[in-house]
Amino acid sequence: MEKVLVLLLLALAVAYAVPDPRGLIINLEEGELCLNSAQCRSKCCHRDTGLSLARCAPKARESSECSAFTLYGVYYKCPCERGLTCEVDKTIVGSITNTNFGVCLDAGRSRK
C-alpha cells in the first residue's frame, strides 16, 4: 500500500512539473488582463477607454480600424495582422494621446 501511495505522489509531482504553455505573465490568451502588448500571444493589449482595464485582443483584420505602433504598448485599436499595413495620417498630438487611427490594407494592393 505504501508503494502505491509513493508511486501516486511521484506521478502527481511529475505531472505538476510539466510547464504550462500558457504563462501567467507572458503568452496570455485573448481576454486576459495585460499591461503591455508584449505579454499577449496576439501582441495586442487593447483597452476601450482610458479608464478601462486592458485585455489581450486579436489583431485588426483587413478593412478594419487600426492603430499605428505606439511606445505605450497598449492600444485603443489593435495593430494590423501580419501582411497588412495600417494606413494612417500620423500627427504629433495623435502620437501623444494614442489616437492615430487608420484602416488595415493589404500591403500589395495599397501600392497599386
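Predicted model: local features only at pLDDT ≥ 70, side-chain atom pairs only at ≥ 80, totals over all residues.
I started with contacts, counted when heavy atoms lie within 4.5 Å. Among those in the protein chain between residues at least 6 apart in sequence, 36% join residues at least 24 apart.

Residues are numbered from 1 along each chain as its sequence is written, and side-chain values use heavy atoms, with hydrogens and water left out.

Next I looked up the elements. I get three helices and five strands for the protein chain, taken as DSSP runs numbered from the N terminus (helices H or I, at least four residues; strands E, at least two). Read from the N terminus, the order is α-β-β-β-β-α-β-α.

Then the sheet. Three strands make an open, antiparallel sheet in the order β3-β5-β4; strands pair if DSSP finds at least two bridges between them. β3 (65–67) and β4 (84–87) are at the edges with a single partner strand each, so one side of each has no neighbour in the sheet. I noted an average twist of 50° from one strand to the next, with axes as lines fitted to C-alpha atoms and angles running from 0 to 180 degrees between N-to-C directions.

Zooming in, I found three bridges joining β3 to β5 (residues 101–106), antiparallel. Ser67 sits opposite Phe101 in β5.

Last, the surface. Of the 112 residues in the protein chain, 28% are buried, meaning under 20% relative accessible area with a 1.4 Å probe, protein chains only. The chain exposes about 8300 Å², 63% of it from carbon and sulfur atoms, by the Shrake-Rupley method with a 1.4 Å probe.

Terms used: Buried < 20%, exposed > 50% of the residue type's maximum accessible area, 1.4 Å probe, protein only.
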